[in-house]
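We will go from stop to stop, with a few words on what to look for at each one.

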Amino acid sequence: MRQAREVTRPGLDSYRPVAGRFDELVDERGEVRPHWRPFFDTWFTLGPDEVVRRQSVARRMVMAERSAHVTDSEPERPEELDPIPYVVSAETWRVIDQGMIQRSVLLNAIVADLYGERRLVREGVVPASLLFGNIAYQAALTDGAQWLGGGHLTMTAADVVRTADGEFRVTRDVTDVATGSGHAALYRSVMARVFPTATRDLAVCSLDPWFSSLHSSFAHHTPVDVQSPRTVVLGPDDDDDVAVEASYLATALGFHLADASDLVVRSGRVWLRALGGLEPVNVLWRRMPERLCDPLELGPSASGIPGLVQAVCSGSVVVSNAFGSGLVEGQWLHPFLEGACDILLGESLQLLSLPAHWLGHPDHRNAVLSDLQRFEIFDVTGIRAPQIVAALPEPEIEAWIRLAHQEPHRFVAQRRPDCGTTPTVVGGVLRPLASSLRIQAVRTDSGVSVLPGGVSHQTPTAPGGATGLGKDVWIVGGVVSERTARPLPSVAVLPQIDLRSSLPTRSAESLWWLGRNAERAEMTTRFARVLLARNDVDPHLACSSWLEPVLAGLRSVSGGAGGDAVVEGGRSEQLSHEVALALGSRPGALADSLHYLLWSARAARGFLSATTWKVLNDLACERATLELALEKDDGFLVSESLDRTLVELTALSGLGIDSMVRGPAWSFLNIGRALERALQSINLFDETLTVEPGEAEPLYSTLLAAAESLVAYRRRYRSDLRIDSVVDMLVRDVSNPRSVVFQLDRIAHCLASLPESSNRVGPAARVAEIRDLFTSADEHLSVTFSAARPALLQLIGDFASTWFTQSFTQELSTTR
Amino acid sequence: MTTRYRVIHRTEYAYGASINSEQTIAHLLPRDTYVQTAIHSEVTCVPAPTFRRDYLDAFGNRTTYWSIEEPHDGLVVTAMCLVDTDVSVIPPESPAWDDVAWLMADEHSTDALMAMLCAQRSGLAPASEVLASYARPSFPPRRPVYDAVVEFCHRLHEDITFVPGSTDVTTPAEEVLRRREGVCQDFAHLAIGSLRSLGLPARYVSGYVETEAPEGMTKMVGSDASHAWFATFIPGWGWLDLDPTNDQAPPERHVTLAWGRDYTDVAPLRGVLFGPTVEQRLSVSVDVARV
């Protein structure tokens, strides 16, 4: 007797597969497929509320990860993670696994052939016009063997859908920059936290062994004569999703993430701009499309690394995927893959593509033109974007048909798939959404290894409606293959170049800015907090005569110097208005500092711990909260938000002291902090300590409190607040970590710890000069300040010219 | 009959300011062809390169890459070569132009593969209906391709006026056709684009022509600088060079440097400069003499 319990479960009984499509969850008799049952057993013990809660947890975690890796804080509608995985049985996956291995080998052979011997063209398998007219064909890449070097298609990916007959079909090959594995790792880590027991109880195939083979594939690429290689991940310029991945993978695998401006070709080699000069790069893991990589030879590009192709040719660097890999991306080869597989591998193709036709063939052209609505049309020249021609307005369809008769050789038509569906949570209810799987493969010296899992992308089966949803792919019910089940036999992974003593200049500058912005944010926060607190307890504050210098000081540390804020109304309004401005987003104010703080942190992410990222994420949230509180003009919310912001900023500072390895990176972070604190203190004290105050006591106590030195002052002097003692405490005291001189000593100390190769002498001499200003002469304070300020600005200039300009002031290049 | 030429090609750039470094790709050394043998050739530059690499590019052209990695405010490149050239031959017979496309697809030689590459549009020599209409009168159905292209080359020579400085390297072929004036590379790009618009293969050839005319001959146009012309593929026979600027098919008194899909593939000097943006002032001198 058939058990009816599966179909009567809440949620599942309303799940209706779409007619004419393969559904992953429910078979044609309406029963849940056996390999899904264990998952839903877990699922139903949670209850609907818990499911919704976990869905939102998953979303927050994905967003948090994204925000740690991309600079744009508001990405446009990123894919959300569906809490239900795409469950595949190991038995079914074996078909994909074997097919994908063959496909990776085949595409590799095709790239080598099309840039080399061109048997496929000579023997009439691949039409010459389709190859030579292809926008992805790089004529500069000559002899396949030479260009592909040891690199080949290290990583390939394919989008696969299930057709109505239950067969898997490839819709697209991804070979230029094979993306998706980073999201797979990210989604799995989130799912493992959202369903902590399920992945274990269901014995979901682990992704880890695959990532270790990915890691070892880079060891395999390393030029033989290099003892301590450096592998660098070259991130993309603009693409958000790819940037998230590049960053995630670089961090996970322990490689340095660079962008094109960090790298330079000299003497036919690739170098990373680092603090001690240029450091050689041996392996470049490219996450930037090849056409953008070298403006000298791969096409006009505002970015890229001129001479990179020459460096590859000279054999000093391995680029992976090799240049030329992009040629076999997409769909244009699909009509010829079976023939190519036969000729190049002597095998029949296992994992087939969706039916595709080259319009250069008259029969195929006629077949496609007579049934246009079933096809998507791809133009290999890149002039026309991929499109479903039948969906265009009538005149455009006619124009296209004329073009297809005139230049048929440009076009490949792919049959539009009726994608199989998977259960997906939409508005709290399970719905069958069309699924497309992204499969990953990596070549190592012991063969091709396919990621046992990945991501799938879900879209509504009917047009319009919700955006896409991502899924983690779970393989259950056994081992796919020995290869993916255990780590590879240990390939000797050479130690990467010692990063303790090496710091790329762009990272150094980012850390320096991180320090400066953190310090500025902290000063503004403390100052505003003290003022607001006094305002709360002292109803006459707004009328006090000492308030004017204090507000001038507040302006000076929050980017408002020079402009007097004019506000209608009384002094009380002016106070709250000034505070709001200091906390807002004008350049130099709190929200602005926090923005740049987060921005520089992302650029230096490789140097920051996971805990640091938690703090930074909280800071990002607090920034939004504060903005809202200011908008509502709610003093209570503002104070509360400032308290939390200060706690986070202090935590950040503590983490810097407590959990960062002492080295050049730490030094630059601290120099940035000390420099900013010195500069802002001078700005502040110049407004407040050099004038004759109407009321000394409240002014000095506010300053001391804002510098966290009030308690120390009282303990030390046990007297009234006297100007000499206050200046001593806040400016000249060598033991007060908030004093100006203390900052200068801190900078000197950090500079001394930098490697000797780093040109530290000039800046160190400048610091000593500034310190002398404070300790030697008995000048009036304002004289000292007016000498020290330009000297400090000059020191900042020294830093830029000594270490930073190479990378940040992007070298202008002229082409001819 | 073999003629020996000595070519001295000097290019001088003045940047007007100091730049930090530069990388250059040069196509300044002559390749061997069916009618040409390079006896000696060299390319040198001042300041001396920090790094240099000589190799054959995708089209088999002799290519030099170098980088200069110290501050400098100008560059002088001197290319010198001695080449022996024989008189070109013309095909005894040629297939109908409308059969060329399928004949070359059927011929599996390396030359035919190159022809199929050169039948595709490229950046400076695209295909279009305008260019096809311009070429069509020379290509009635079944006309032998040799006769057709020679006549077309002649017509182009008559239609377009050689005006130095009237265009730059980025002027598109259709624009040249509209203005009816240009320099040698415009003649070449217009011819190449027109042939491609009819589905015929055409490639860009860069080189030189003899500077001083021997007695009894006329001085060639384009002799004061590097020169350019085009070639088309005749199935079963090979590549035929045509110089529309001088109305010669095949060209005489020419030295071939390199060939490609258009100017971009074989520019004599192409590079990237690092440093402040500079205004480059260029002066070129070419001397091609019989020795």
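## A guided tour

Start by selecting E708(A), which is partly exposed because 15 other C-beta atoms lie within 10 Å of its own; a residue needs 20 or more to be buried and 12 or fewer to be exposed. Keep in mind as you look that this is a predicted model. E708(A) sits in the loop between α24 (696–706) and α25 (710–717) of chain A. Its backbone has a positive phi of about 55°, although E708(A) is not a glycine. Most residues other than glycine have a negative phi.

Next, select R118(A). Where is R118(A) placed? Look in the loop between α4 (90–114) and α5 of chain A. R118(A) is not a glycine, yet its phi is positive, at about 65°. With 18 other C-beta atoms within 10 Å, R118(A) is partly exposed.

**Where the chains meet**

Now show both chains together. The contact takes 26 residues from chain A and 29 residues from chain B. To find the chain A side, select α5 (119–122), α6 (128–132) and β20 (813–815), each of which supplies at least two residues of it.

**A strand and a helix in chain A**

Select β3 of chain A, residues 155–162. Is this strand largely enclosed or largely in the open? Seven of its eight residues are buried, so β3(A) is largely enclosed by the rest of the structure.

β3(A) runs antiparallel to β16 (residues 429–444) of chain A, and six bridges join the two. Zoom in on D159(A) to find R438(A) of β16(A) standing opposite. β3(A) also pairs with β4 (residues 168–174) of chain A, again in the antiparallel sense and over six bridges. Here V161(A) has R169(A) in β4(A) as its bridge partner. The hairpin of β3(A) and β4(A) has five residues between the strands, and there G166(A) takes a positive phi near 85°.

For a contrast, select helix α15 of chain A, residues 394–406. One of its 13 residues is buried, so α15(A) lies largely in the open. Try the distance tool on its end C-alpha atoms: they are 19 Å apart, which agrees with the 18 Å that 13 residues should span at 1.5 Å a residue.

**Over to chain B**

Chain B has seven helices and 14 strands, and its C-alpha trace spans about 60 × 40 × 40 Å along the principal axes. A compact globule of 291 residues would have a radius of gyration near 19 Å, and chain B agrees with this because its own value is 19 Å. Of its residues, 48% count as buried.

One runs from V46(B) to P47(B), with omega near 0°; P47(B) is in the loop between β3 (36–46) and β4 (51–56) of chain B. Another joins A249(B) and P250(B), with omega about -5°, and P250(B) is in the loop between β11 (238–242) and β12 (254–260) of chain B.

**Last stop: the core**

Bring chain A back and select I110(A), V233(A), V270(A), A191(B) and F230(B). Of the 307 residues in the largest nonpolar core, these touch the most other members. Which residues does A191(B) touch? Leaving out residues up to four places away in sequence, they are C153(B), L156(B), A202(B), F230(B) and P244(B).

Definitions and conventions:
Residues are numbered from 1 along each chain as its sequence is written. Chains are lettered from A and ligands numbered from 1 in the order in which they are written. This is a predicted model: local features need pLDDT of at least 70, side-chain atom pairs count only at pLDDT 80 or more; totals for chains, interfaces and linings use all residues. A nonpolar core is a set of buried Ala, Val, Leu, Ile, Met, Phe, Trp, Tyr and Cys residues joined through C-beta atoms within 7 Å. Two residues are in contact if their C-beta atoms, placed from the backbone, lie within 7 Å. Helices (H or I, at least four residues) and strands (E, at least two) are DSSP runs, numbered from the N terminus. The expected span of a helix is 1.5 Å times one less than its number of residues. Two strands pair if DSSP finds at least two bridges between them. The radius of gyration is taken over C-alpha atoms; the globule rule is 2.2 Å times the number of residues to the power 0.38.
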